[in-house]
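The sequence and the structure are shown first, and the points follow by topic.

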Amino acid sequence: MNITENHSRVAWVDVAKGICIVMVVMMHSTLGVGAATGAEGWLHKVVEFARPFRMPDFFLIAGLFLASRIDAPWRLYLDRKVLHFVYFYALWLTIQFGFKAPGFAAELGWDGALALYFKSFIEPFGTLWFIYHLALFFVTTRLVKSVPWPLVWLFAALLQIAPIHTGSMLIDEFASRFVFFYSGYIFARHIFAIADWVDRHALVGLAGLAGWALLNGALVFSGIGDWPVLNLALGFAGVGGIIAASILLAKSAATRPVETVLSWLGARSIVVYLAFFLPMAISRAVLLKLGIISDIGTISALVTLAGITGPIMLYMLIAWTGKGRFLFARPVWARIDGPWREQTLNARKAAIIAAE
């Protein structure tokens, strides 16, 4: 159930994914509370600090292990790297619409709500856009595999730098994010080498992490962090910062419990990403309705916590009962390659022979 499906575990990768999923849920939770109240709290500053690298880090990590799969037969590749995400996108799009359809119908009518549902298979819907684009990036990278990588990387970087704002999430997010996914694929060996170096030089890595945090904060809060080229550089610098932080968390006994939790969470990041929308929305509505807590930052933090723990509780309930596994694990019928396929073909051959 990993965001890049099964691969050999690399400790810092799971920790980095854990940090990323926390930041993603925090962003949606905090901005949602801000929109509902018309006010901002202290957690908005954290969300703003992470904006240059939050999604770039997620996409780069998703591409790290692609080199070992890129030459797989097309059927296997499409099954593991495309249909895997298509299944979860279609399933959770339908689930989200089940909750949101009455609101859409009130605004657009039931015909309009149904049209929006089908349109969402072309134009990514809500928080699920990340899943949608992962499938798209895997296909794109496979199709350009024979093109010299510097040309592809330069074109992807130019797309990120260019002021592409069409209003289409499909186009805009592709232009903005593909360079990071492709960089994870192309530069994986170098990224792992840098991570090993940080692991061996913890003090230097800690100093570099502190320097990056200060520089990133200064540029973001000065208002120039979104400038072309600088924004791209901040994205890659932030990836380095998250990698360093992920490695250094395991170096101290005081922070090792945090590293353990983040690693466990990162290994199940797709669970949180798919299902956080509902506990986030419910907890926000309850907290604002009760009015017991007035601090916007504290409300945002509690909504973030609910958004993370809610999906994990559902995941553990499914593991305990054995019911509902299809929510987070792709069933056999949704696969086009695997041992079951060979068994099916053999059964069909046997049936044909018997009929003759």
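This is a predicted model: local features need pLDDT of at least 70, side-chain atom pairs count only at pLDDT 80 or more; totals for chains, interfaces and linings use all residues.

**Surroundings of Trp92**

- Trp92 is placed in helix α4.
- When residues up to four places away in sequence are not counted, Trp92 touches Leu128, Leu274, Ala275, Phe277, Leu327 and Phe328.
- Between Trp92 and Gly307 there are 215 residues of separation along the chain, and their C-alpha atoms are separated by 16 Å.

**Aromatic pairs**

- Across the whole structure, a search finds 40 aromatic pairs.
- One of these is formed by Tyr89 and Phe121, with an edge-to-face arrangement, 6.4 Å from centre to centre and 80° between the planes.
- This pair links distant parts of the chain, 32 residues apart: Tyr89 belongs to helix α4 (residues 74-119), while Phe121 lies in the loop between α4 and α5 (129-143).
- Tyr89 counts as buried because its relative accessibility is 4%, whereas Phe121, at 35% relative accessibility, counts as partly exposed.
- Tyr273 and Phe276 also form an edge-to-face aromatic pair, at 6.2 Å centre to centre and with 70° between the planes.
- Tyr273 and Phe276 are both buried.

**Packing of α1 with α3**

- Two packed helices are described by the angle between their axes and by the distance between those axes.
- Helix α1 (residues 11-37) packs with helix α3 (residues 54-63) at an angle of about 145°, and the axes are 9 Å apart.
- The crossing in which α1 passes α3 is left-handed.
- On the α1 side, the contact is made by Val13, Ala16, Lys17, Cys20, Ile21, Met23, Val24 and Met27; on the α3 side, it is made by Arg54, Met55, Asp57, Phe58 and Ile61.
- Classified by residue type, the contact of α1 with α3 holds 10 nonpolar and 3 charged residues, with no polar ones.

**Packing of α9 with α10**

- The axes of α9 and α10 cross at roughly 145° and come within 9 Å.
- α9 passes α10 in a left-handed crossing.
- From α9, the residues Ala202, Gly205, Leu206, Leu209, Trp212, Asn216 and Leu219 take part in the contact; they meet Leu230, Leu234, Ala237, Gly238, Gly241, Ala244, Ala245 and Leu248 of α10.
- The class composition of the contact of α9 with α10 is 11 nonpolar and 4 polar residues, with no charged residues.

**Asp226 in the loop between α9 and α10**

- Asp226 is located in the loop that lies between α9 (202-221) and α10 (230-248).
- Asp226 counts as partly exposed because its relative accessibility is 46%, a value that falls between the cut-offs of 20% for buried and 50% for exposed.
- With neighbours within four places in sequence left aside, Asp226 is in contact with Arg51 and Asn231.
- Asp226 and Arg51 are 175 residues apart in sequence, and the C-alpha to C-alpha distance between them is 9.5 Å.
- The side chains of Asp226 and Arg51 make a polar contact at 2.8 Å.

Definitions and conventions:
Residues are numbered from 1 along each chain as its sequence is written. Side-chain values use heavy atoms; hydrogens and water are left out. Helices (H or I, at least four residues) and strands (E, at least two) are DSSP runs, numbered from the N terminus. Buried means under 20% relative accessible area, exposed over 50%, partly exposed in between (1.4 Å probe, protein chains only). Contact means heavy atoms within 4.5 Å. A polar contact is a pair of N or O atoms within 3.5 Å; within protein, one must be able to donate a hydrogen and the other to accept it, and residues adjacent in sequence count only if both atoms are side-chain atoms. Axes are lines fitted to C-alpha atoms, for helices over the stretch in contact, and angles run from 0 to 180 degrees between N-to-C directions. A crossing is left-handed if the near helix is turned anticlockwise from the far one by less than a right angle, and right-handed if clockwise. Ala, Val, Leu, Ile, Met, Phe, Trp, Tyr, Cys and Pro count as nonpolar, Asp, Glu, Lys and Arg as charged, and the others, Gly among them, as polar. Rings of Phe, Tyr and Trp (its six-membered ring) pair if their centres lie within 6.5 Å; planes under 30 degrees apart count as stacked, over 60 as edge-to-face and the rest as tilted.
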